Amino acid sequence: MNVNQPAPPGVPYGQPQPGYTGYQSSYGGQPGPIIPPSPYGAYNGPMPGYQQLPPPGVPRAPPSSGTPPASTTVRGPSSQSAYGQFGQGDVQNGPSSTVQMQRAPVSQPFVPAPVAPLVNQPAAFQPYGPPPTSAQVTTQMAGMQISGPAGPPPSGLGYGLPPTSMASASGSFQGSNLYGSYPQNLAPPTSLAQAHPGAQTPQCCAPMQASSFPPSAAGGPRPPSIAGPSMPGQSFGGPPVSQSNHASSPPPQTQPPMPGPPGPPPPMHSSQPGYQLQQNGSFGPARGPQPNYGGAYSGAPNFASPPGPPQPPPPKRLDPDSIPSPQLNELPPQQKTRHRIDPDAIPSPIQVIEDDRNNRGSEPFVTGARGQVPPLVTTNFLVKDQGNASPRYIRCTSYNIPCTSDMAKQAQVPLAAVIKPLAKLPPEEAPPYVVDHGESGPVRCNRCKAYMCPFMQFIEGGRRFQCCFCSCVTEVPPQYFQHLDHTGKRVDFYDRPELSLGSYEFLATVDYCKNNKFPRPPAFIFMIDVSYNAVRSGLVRLLCEELKSLLDFLPREGGAEESAIRVGFVTYNKVLHFYNVKSSLAQPQMMVVSDVADMFVPLLDGFLVNVSESRTVITSLLDQIPEMFADTRETETVFAPVIQAGMEALKAAECPGKLFLFHTSLPIAEAPGKLKNRDDRKLLNTDKEKTLFQPQTGFYQSLAKECVAQGCCVDLFLFPNQYVDVATLGVVPYHTGGSIYKYACFQVESDQERFLSDLRRDVQKDVGFDAVMRVRTSTGIRATDFFGAFYMSNTTDVELAGLDGDKTVTVEFKHDDRLSEDSGALIQCALLYTSCAGQRRLRIHNLSLNCCTQLADLYRNCETDTLINYLAKLAYRGVLSSPVKTVRDALISQCAQILACYRKNCASPSSAGQLILPECMKLLPVYLNCVLKSDVLQPGVEVTTDDRAYVRQLVTSMDVAETNVFFYPRLLPLTKVPVESSAEPPAVRASEERLSKGDVYLLENGLNLFLWVGASVQQGVVQSLFSVPSFSQINSGLSALPVLENPLSKRVRDLIDSFRAQRSRYMKLIVVKQEDKLEMLFKHFLVEDKSLSGGASYVDFLCHMHKEIRQLLS
Ligand SMILES: [Zn+2]
């Protein structure tokens, strides 16, 4: 047989882990030995009419219909008597009387997967577990104006038009293919029992990223590198507040309530008296039986909780770590009774997250069966690849797709996959095996060119295989032939990753290389702005000092001793300076190019060098740069010529690579790509607002295209003191798969930690270059739209000059034919890229999904976090071409249709006053509201144009975990958990009501990190954390906690470290005191509350959604 395969035949390598080790060595990423050319072409062979033949024993999972959905019901006024039955279920309260909420039921049934990945499951096999339990959340919605004739929506809420406009809204949003006609796929409803208060199990999320850093990344051994001459810039710049990523300026003192149309305030909080807090933590009148409590959808058993009062208490959780949240007891009753809807009675993100952790965090997620919904991104779990790609690589909005496009249109649930092809895995999970088929290359389908994967069907004794994507039959190349066993499975099934795993890599042959030449190792070029601002702020000195040591940590492949990456250096202001750092030189040589209109690279030899060979010269250069420009008076900069120069240098060296640009100002110097200041806040909320997100010239688009063709990825570090037009400067990084970092009003003193931390991570991270990604699907659906930071020159290939482990591509699918429940649907993502050592590879991810003819199955297998990721990206792209209000309205409209379709087709008949949400989507309203009131779609006055462009671009590449925490921040109380406990404190909902004056909280959203200190916090706590005797002496705006030797201080600092380790960007801490003016900044992130920019509170928005849904139904 071909290639290094010493693994003993028959070692099952899916199942018992030991089998994997054989692969480790045999496939372990060696540069492939060259095999004698095979005389057999991979793509020949007639294809007789096999297409019609139903593949025998196709490994298919059973169709997923059957498990009835459970629902969440929020009841309207008519069900007053039932109020309170589930009302006490909030996290904050004591033990609840409701049924345990289960997100899991959907997928649990699939888990008892067969030992081998999807082989020959009898079609009749229905591995369903017990039906999901469900509960309804019932609450008072009386007086919320959701019943009765539809009046105009409360005008102050900042959401969209009255429902009449809904239908049309969809058409007007960024082309018809964006909104309106989604392919559909969906998942099931589950039940929403609110409750479980008492049992919050703090499950720590282990830092996932930590392992990917060389030890030095943490900054350990490296001294803070700013010794030396004093930095003139240190005393400049704005207040530290302004450094947070997108809340970058101090909040205004007063703000108009909101930009929306004026009108009477929403009626919500008016006259109706709230319910008194009762002893047991529940609210409202006595509980009574609930009418209308039928099964969740017709024909299904009733999975809702049985009607009537005798609700059994929920199973008490026995987790020793579970710690009841004491919050509620501390809140004055009036705080809890402001709303007519009890906030504790509406779906709580915290509860859903906790429940998923408890239900699914302990078992590994085994990917053998088709269409399994993975645990939530907030749950820590291990993955065992048994034939489908790990959810770390691919997550879908639904794991069960409607069979027809009509069904899909009816449900309006977008069918999309969020793909992170080079995702980092935790150390417990093996990276994809590298398969080497020698010169013949990977085996592929003759027609659609899909790569060999576990779903290909071998026939004729193994001589041919039928493609699982297009049904074409292809001859098996002789060197790849293997006999089949009695089940039709190849006997080498377990020995070959491409037959038994969901994810793996192939070594690519020269056919897969540009110009049919194997690539050269990539190069990194550091391009440093040395204009007045950069020098004055201390940036140049800090950066040069850091690079001296950082260059020792360039990415390496496998166990390589030294990185194959070469480096080069350029400095610039209005002109460019290239440096010759050839190892034979005693001193670096500078060459100036002042003709920026026609950029060329003045030297080839000596520009890109190996770090260890040229170390002395490089060190000398980095020592000299800050001195050379110390007295510069030049304030103007160029920008595009810098990128051109870097790209030309890579072109001359015939290699891919990455440019690291450190830039401070709007490039106004005379040169190609020169920009003008066009920031204009008057455009907000006008039809022209979209121009603020668009680049001001098409020049950068063309430049990006050239960069992609060269495999030149651009990472941009911005240090602006004012508007720099991120929307335009970001075009090239965006289209080349690069990253942008922004440090407004950079000051070495307060920002160096954040900048250096980001820089270290960015330089060290593994990158694939010159990448092309293609997503193939089985017949019936196809990829129609793509979101992310990349370039597309045709409709199918996603081109990425560079791709790292943080970047995701979101792909939308649509029907082009009918799907079948039997065969399901398949996705294969193939990424062709050049590794950091210069090896050309193909990474393949396969995922199989179920297909359904019942809408309920769709709603039962959805994943709201992924849905939100997709919707946010869709909306954030929409603002490029439509007014933000149109975009917001379209989002609301689509979600209302999704929920109305569920209500109409899947939920049991019930009174119109009830809001019934599918279990899997019960958080859709709260999360959607967070997207709607995010800075891009509804900015407060403190948010700058650059901030919005920056965030817009960041979100476009985020994975599901990142968008989840970005839109709904994590808020943890710090002093209520015993300091000895290593567990993470249980989170609380992001609302001011949940804050206790006597506690200290940590809030993070992946970009920002706050420590909020309540005004009545105990003196001892203040002393332990801040080393000052009283609250009033705490320095507001502090960006680091003093290092104190006491358990509380250590614990809080550890927690902050663990938060940072989980995120791809360093989060700078901001200490905020209650009732201090900085608190405004913090409150911006309490996303369940009404926002200053006019965003609705969660409760108000839920009522609004209810109203929209009712209007759709009537
Ligand atoms: Zn095919």
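Predicted model: local features only at pLDDT ≥ 70, side-chain atom pairs only at ≥ 80, totals over all residues.
Residues are numbered from 1 along each chain as its sequence is written, and side-chain values use heavy atoms, with hydrogens and water left out.

**Overall make-up**

The protein chain contains 25 helices and 29 strands; these are DSSP runs numbered from the N terminus, with helices (H or I) of at least four residues and strands (E) of at least two. Of its 1114 residues, 65% are buried, where buried means under 20% relative accessible area, exposed over 50% and partly exposed in between, for a 1.4 Å probe and protein chains only. The accessible surface of the chain is about 36800 Å², and carbon and sulfur atoms hold 55% of that area; the areas come from the Shrake-Rupley method with a 1.4 Å probe. Among contacts (heavy atoms within 4.5 Å) with a separation of 6 or more, 79% join residues 24 or more positions apart.

**Aromatic pairs and charges over rings**

There are 30 aromatic pairs in the structure. Rings of Phe, Tyr and Trp (its six-membered ring) pair if their centres lie within 6.5 Å; planes under 30 degrees apart count as stacked, over 60 as edge-to-face and the rest as tilted. Phe 526 and Phe 569 form a stacked pair, at 5.9 Å centre to centre with 20 degrees between the planes. This pair links distant parts of the chain, 43 residues apart: Phe 526 belongs to strand S12 (residues 523–529) and Phe 569 to strand S13 (residues 566–572). Phe 526 is buried at 0% relative accessibility, and Phe 569 is buried at 1%.

The pair of Phe 719 and Phe 746 is edge-to-face, because the ring centres are 5.1 Å apart and the planes stand at 80 degrees. Here too the pair links distant parts of the chain, 27 residues apart, with Phe 719 in the loop between strand S17 (712–718) and helix H13 (726–729) and Phe 746 in the loop between strand S18 (740–742) and helix H15 (748–764). Phe 719 is buried, with a relative accessible area of 4%, and Phe 746 is buried with a value of 4%. Phe 719 and Phe 746 also belong to a cluster in which ring pairs link them with Phe 662, Phe 717, Tyr 741, Tyr 743 and Phe 755.

Charges over rings are listed below; the criterion is NZ of Lys or CZ of Arg within 6 Å of the ring centre and within 35 degrees of the ring normal.

| Charged residue | Ring | Distance to ring centre |
|---|---|---|
| Arg 392 | Phe 381 | 5.3 Å |
| Lys 489 | Phe 493 | 4.9 Å |

Helix H17 (residues 864–878) packs against helix H21 (residues 960–967) at an angle of about 80 degrees, with the axes 9 Å apart. The two helices, H17 and H21, are therefore roughly perpendicular, a class that covers 65 to 115 degrees. In this packing, residues of H17 including Asp 865, Ile 868 and Tyr 876 meet residues of H21 including Val 960, Asn 964 and Phe 967.

Tyr 950 is located in helix H20 (residues 945–956) and is buried, with a relative accessible area of 2%. Arg 970 lies in strand S26 (residues 970–973) and is buried at 11% relative accessible area.

Note on methods
Axes fitted to C-alpha atoms, helices over the stretch in contact; angles between N-to-C directions. Parallel < 35°, antiparallel > 145°, perpendicular 65-115°, else oblique.
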